[in-house]
Amino acid sequence: MAHPLLDQVDWPAEEAAALELLQALVRFETVNPPGQEADCIAWLADRLRADGVEPTVLSSGPGRANLVARLPATGATSGHPAGPLLLNGHVDVVGVEAERWRHPPFAAEVHDGWLWGRGTVDMKHMVAMSVAVIGLLARLGVPLRRDLVLAAVADEENGCAFGSAWLVDNHPDLVRAEHALGEVGGFTVWLGGRPVYPVQVAEKGICWLKATARGSTGHGSVPRRDNAVARLARFVDRLGRRRLPLRPSPEATRFVTALAEAQPRPARDLLPLLLDRRFSALVTGWLVRDEAAARNLDAVLRDTATPTVLRAGGKVNVIPSRAEAEIDGRIAVGSSQEALLAELRRLAGPFIDLEVLGSFPPTPAPPDTGVFATLADVVADHHPGAVAVPSITPGFTDAKFWSRLGTACYGFAPVRLDPGGPAYADLFHATDERVPVAGFGAGLRMLADAVARLCVEPG
Ligand SMILES: [Zn+2]
């Protein structure tokens, strides 16, 4: 049963207003780099003031800005007073190849029941929903048993230095929370014909590397066995073909077990073999029909190292003394930078040096707070037959920084999807990024219900 507060709301009007809000956000071209989020944030601040919420705007650099708003706890609390709940989203987006889009990426047009545009999925929709929910609670004047905080931030798509990382370093008291809802999760994944809602509880770490192969220089007309370009190419080829070892952490086990329980037989019995070194590759290669889902599962269960940049030579007849590759390494939950580097050194052999360019450890799941159970109830009540699963994200989100303040972070930016459409996970950073209008409205209700259950006294 949804929180009774939801009965007081004119949902068609709220959904239409939230959609307009999202359209306005998409029309700010906050492509990062350079981001230039300040105008978008200033507009959001005005929007919140119209609902009677006074936000704080914090500039982190020229053209860069973040917004924090707070609805303070008011009512007498029954039971334990909880720390703040933080709703968070980033307003920067990745770039576009505009000529490849079916509809212009910054016009926020609605076609065929979908709102098209960069940021509709990653993740201005969550910013719009969060502003709508805070505005709604402010207008209704509902007493809260804990502070509700909103953070709309810059710079997530380029490492967070002007966004969540900057807020956590410079204004920790403004954003410190007990729990947070943000990326990645809360959307429908149709798996084996069943609706599943991943809710991120943990995320992988990063270890970006440079590999340098060395060899002797010489004239291109006389081949040499110690050619740096060929040495690097052999290493890159090994990286492309080898899977690094499986890391069945408690988080991974919980994720796979929950996924399996949501499936009919035989998938229910076979999916747990993902956690078995002997069968894991077989399961992702054969049982999981959806290729995007299979790749994603494979990536969250192990360390990965993806070659992304190559540099060598400058002239066709000169053998260069060095060749370089950049490698996007990702650290599995339960693994470490040292473990990843040890595997890569083994593959690299004696003629290749590895240098760490930058790294962040994985974000492990918080201890069980009951919030996941609440979100799972919301999913089940709003989408009959659907199940929430505690997932791991292969990528990187603002949760990396919020969690440094002790915040338990959950990926819950809800959108309901019908079967047969594009896989939602494939829309992130994609050409033709779009969100279904009806599914966004359903998501708004789910987020409002989750916030009501977590912050408002029942009845
Ligand atoms: Zn994002």
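Is E183 buried or exposed? E183 is buried, with a relative accessible area of 11%, where buried means under 20% relative accessible area, exposed over 50% and partly exposed in between (1.4 Å probe, protein chains only). The structure is a predicted model, in which local features need pLDDT of at least 70, side-chain atom pairs count only at pLDDT 80 or more, and totals for chains, interfaces and linings use all residues. Residues are numbered from 1 along each chain as its sequence is written, and side-chain values use heavy atoms, with hydrogens and water left out.

**View A. The zinc ion and its donor residues.** H90 (NE2), D122 (OD), E183 (OE) and E183 (OE) coordinate the zinc ion at 1.8 to 2.8 Å. Donors are N, O and S atoms within 2.8 Å of the metal (3.2 Å for Na, K and Ca); water is not among the atoms, so sites may look incomplete. The arrangement is irregular because the 4 donor atoms subtend angles of 50 to 140° around the zinc ion. Four donors count as tetrahedral if all angles lie between 85 and 135 degrees; four count as square planar and six as octahedral if opposite donors are over 155 degrees apart and all others between 65 and 115; anything else is irregular. Along the sequence, the spacing of the donor residues is H-x31-D-x60-E. Distant parts of the chain are linked here: H90 belongs to strand β3 (residues 85-90) and E183 to the loop between β7 and β8 (189-191), 93 residues apart. Helices (H or I, at least four residues) and strands (E, at least two) are DSSP runs, numbered from the N terminus. H90 is buried, at a relative accessible area of 0%.

View B. The peptide bond from E183 to V184 is cis, with omega near -15°. V184 is placed in the loop between β7 and β8.

**View C. The largest cavity.** The volume of the largest cavity is about 60 Å³. On a 1 Å grid over the protein atoms alone, a cavity is a set of points where a 1.4 Å probe fits but cannot get out, and a pocket is an open set with protein on both sides within 12 Å along at least five of seven lines; lining residues have an atom within 4 Å of a point. Grid points are joined across faces, edges and corners, and a volume is the space filled by probe spheres set on the points. Among the residues that line the largest cavity are N88, M123, E183, W402 and Y410. β7 gives the most to this lining, with 3 residues.

View D. The 17 residues of helix α3 (residues 124-140) should span 24 Å at 1.5 Å a residue, and the end C-alpha atoms are 24 Å apart, which agrees. The expected span is 1.5 Å times one less than the number of residues in the helix. Of the 17 residues of α3, 14 are buried.

**View E. The loop between α1 and α2.** P33 lies in the loop between α1 (11-27) and α2 (38-50), and the peptide bond from N32 to P33 is cis, with omega near 0°. Q36 is found in the loop between α1 and α2. Although not a glycine, Q36 has a positive phi of about 50°. Q36 is partly exposed, with a relative accessible area of 42%.
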